[in-house]
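Trainee: Could we go through this one together, with me asking and you answering? I'd like each cut-off spelled out as we reach it.

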Amino acid sequence: MESARISQWLNLLVCVLLLLKAEGSSVPLTLVENAESKGAVCLDGSPPAYHFDKGFGEGIDNWIVHIEGGGWCNNVESCLERKNTRLGSSKQMKDIYFSAILSNEQQFNPDFYNWNRVKVRYCDGSSFTGDVEEVDPTTNLHFRGARIFSAVMEELLAKGMKNVKNAILSGCSAGGLTTILHCDSFKALLPSGANVKCVPDAGYFVNVEDISGAHSIQEFYSEVVSIHGSAKNLPTSCTSKLNPALCFFPQYVASHISTPIFVVNSAYDRWQIRNIFIPGSADPSNSWHSCKINISNCSTDQLSKIQGFKSEFERALSEVGDSPSKGMFIDSCYAHCQTELQETWLKSDSPQLANTTIAKAVGDWFYGRSSFHHVDCNFPCNPTCHNRVFNLKDHPGI
């Protein structure tokens with residue numbers, strides 16, 4: 001029975017990999033030159049890295065910089081666990097395939113396919129905010145996320161981004177949070193006449209109580225900010241008024257972002273529901289297990305509480321504002337990261353709001369063809385959702 005189940009998962013994994021290969025292009029890994037001399041290194045001290053697929057045609061002066069996700073580490077133990085993986089060392093990174101928002105095929109990515117497309121790998125565990133000079137020789141852990149961000153951007157500017165006409169900073173999950181926290185500073189690096197906007201995906205993590213009433217995510221983020229020395233690199237518009245640990249949450253930063261921003265997120269974000277709202281520590285009897293895997297399995301009482309999470313999420317999201325420069329695509333799908341997968345970015349059966357796919361909503365907003373600011377109705381109202389059931393461990397984190 002167990003071997004049959006493993007075989008099914010392997011077959012599914014092969015199918016997913018074949019699908020990605022068919023709809024994406026392999027892009028080699030590039031190590032950042034001279035990063036080590038600047039102390040801009042991964043957790044293990046190795047140089048940071050990115051993947052770069054050069055633009056062509058009319059997109060030659062346009063850039064999209066997409067930040068990889070992968071949770072955070074909040075103490076020595078959890079950072080050591082990441083240190084010798086691809087989330088802590090460029091030595092463990094390999095070439096990857098570009099698809100969806102990074103695809104170079106017009107049919108899959110009509111508005112950005114011919115841009116210079118970059119994926120920045122994530123190996124610091126702090127959403128690129130950390131900067132601690134001292135390195136404990138017993139652990140050899142380096143907390144240098146902010147330096148990595150600067151070093152990568154410096155190299156991209158030298159490769160032509162300094163002449164950019166249109167630019168997007170985007171990212172998924174912890175990379176989506178990076179996009180929010182670095183949005184204005186990214187714009188400040190580029191020519192004043194450039195059209196620069198930010199598109200965070202699944203990065204709007206909210207400060208809510210878990211089902212036991214504990215503030216587990218607030219405590220976790222406080223520990224992340226502390227061990228990485230992140231406070232000095234968080235937006236001063238927030239840290240000048242609030243405890244710096246709170247400034248790791250988008251809801252306390254969003255209203256001060258001056259750069260146009262488009263938030264892509266699920267109001268029922270799978271990672272947030274599993275790890276922020278219903279962390280294992282809040283459910284010792286494991287009574288929410290089936291519900292967390294697939295919210296269609298939730299009891300009436302459980303679903304009611306999850307609807308309460310959606311209400312809290314919407315309240316936090318209201319800080320973004322509703323001006324035309326602030327767009328959003330907030331669906332009711334049980335999903336996490338929707339701009340990196342072709343099936344959710346742009347396909348014939350992709351999720352839609354107002355009869356519009358994520359790709360079209362982002363493209364129309366970026367180019368000023370139309371504004372887009374939609375929050376979906378309550379689950380399970382949207383028949384276009386891909387509520388895929390994965391009984392797998394989510395990103396590293398809480």
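This is a predicted model: local features need pLDDT of at least 70, side-chain atom pairs count only at pLDDT 80 or more; totals for chains, interfaces and linings use all residues.

Trainee: Is glutamine 302 buried or exposed?

Mentor: Glutamine 302 sits in helix 9, residues 300-317; helices here are DSSP runs of H or I with at least four residues, strands are runs of E with at least two, and both are numbered from the N terminus. Leaving aside residues up to four places away in sequence, glutamine 302 touches Ser287, Trp288 and Cys291, where a contact means heavy atoms within 4.5 Å. Its relative accessible area is 12%, so glutamine 302 is buried.

Trainee: How are helix 7 and helix 9 oriented to each other?

Mentor: Helix 7 (residues 270-277) packs against helix 9 at about 105°, the axes being 12 Å apart. Those axes are lines fitted to C-alpha atoms over the stretch in contact, and the angles run from 0 to 180 degrees between N-to-C directions. Under 35 degrees counts as roughly parallel, over 145 as roughly antiparallel, 65 to 115 as roughly perpendicular and the rest as oblique. The two helices are therefore roughly perpendicular.

Trainee: By class, how many nonpolar residues are in the contact of helix 7 with helix 9?

Mentor: From helix 7 come Gln272, Ile273 and Phe277, and they meet Lys305, Ile306, Phe309 and Phe313 of helix 9. For the classes, Ala, Val, Leu, Ile, Met, Phe, Trp, Tyr, Cys and Pro count as nonpolar, Asp, Glu, Lys and Arg as charged, and the others, Gly among them, as polar. Alongside one polar and one charged residue, the number of nonpolar ones is five.

Trainee: How many residues of helix 7 are buried?

Mentor: The buried list runs Arg270, Trp271, Gln272, Ile273, Arg274, Asn275, Ile276 and Phe277. Their cover includes helix 5 (216-228), strand 9, helix 8 (289-293) and helix 9. Helix 7 is mostly covered, and the buried count is eight of eight.

Trainee: Which residue caps the N-terminal end of helix 7?

Mentor: A polar contact is a pair of N or O atoms within 3.5 Å; within protein, one must be able to donate a hydrogen and the other to accept it, and residues adjacent in sequence count only if both atoms are side-chain atoms. Here a side-chain oxygen lies 3.0 Å from the backbone nitrogen of tryptophan 271, and the capping residue is aspartate 269.

Trainee: Which backbone nitrogen does the side chain of asparagine 265 reach?

Mentor: Asparagine 265 is in strand 9, residues 261-266, and counts as buried because its relative accessibility is 1%. Residues it touches, not counting those up to four places away in sequence, include Tyr204, Gln272, Phe313 and Phe329. At 3.3 Å, its side chain reaches the backbone nitrogen of glycine 203.

Trainee: How many residues apart are cysteine 172 and cysteine 337?

Mentor: A disulfide is a pair of cysteine sulfur atoms within 2.5 Å, and cysteine 172 and cysteine 337 form one with their sulfurs 1.7 Å apart. The link is right-handed, with 80° about the S-S bond. It joins distant parts of the chain, cysteine 172 in strand 7 (residues 166-172) and cysteine 337 in the loop between strand 10 (326-331) and helix 10 (342-345), with a separation of 165 residues.

Trainee: Is the link of cysteine 333 and cysteine 385 right-handed or left-handed?

Mentor: The sulfur atoms of cysteine 333 and cysteine 385 are 2.1 Å apart, which makes the pair a disulfide. About the S-S bond the angle is -80°, and the link is left-handed.

Trainee: What is the value of phi near in serine 173?

Mentor: Most residues other than glycine have a negative phi. Serine 173 lies in the loop between strand 7 and helix 4 (174-188) and is buried, with a relative accessible area of 2%. Its phi is positive, near 60°.

Methods: Residues are numbered from 1 along each chain as its sequence is written. Side-chain values use heavy atoms; hydrogens and water are left out. Buried means under 20% relative accessible area, exposed over 50%, partly exposed in between (1.4 Å probe, protein chains only).
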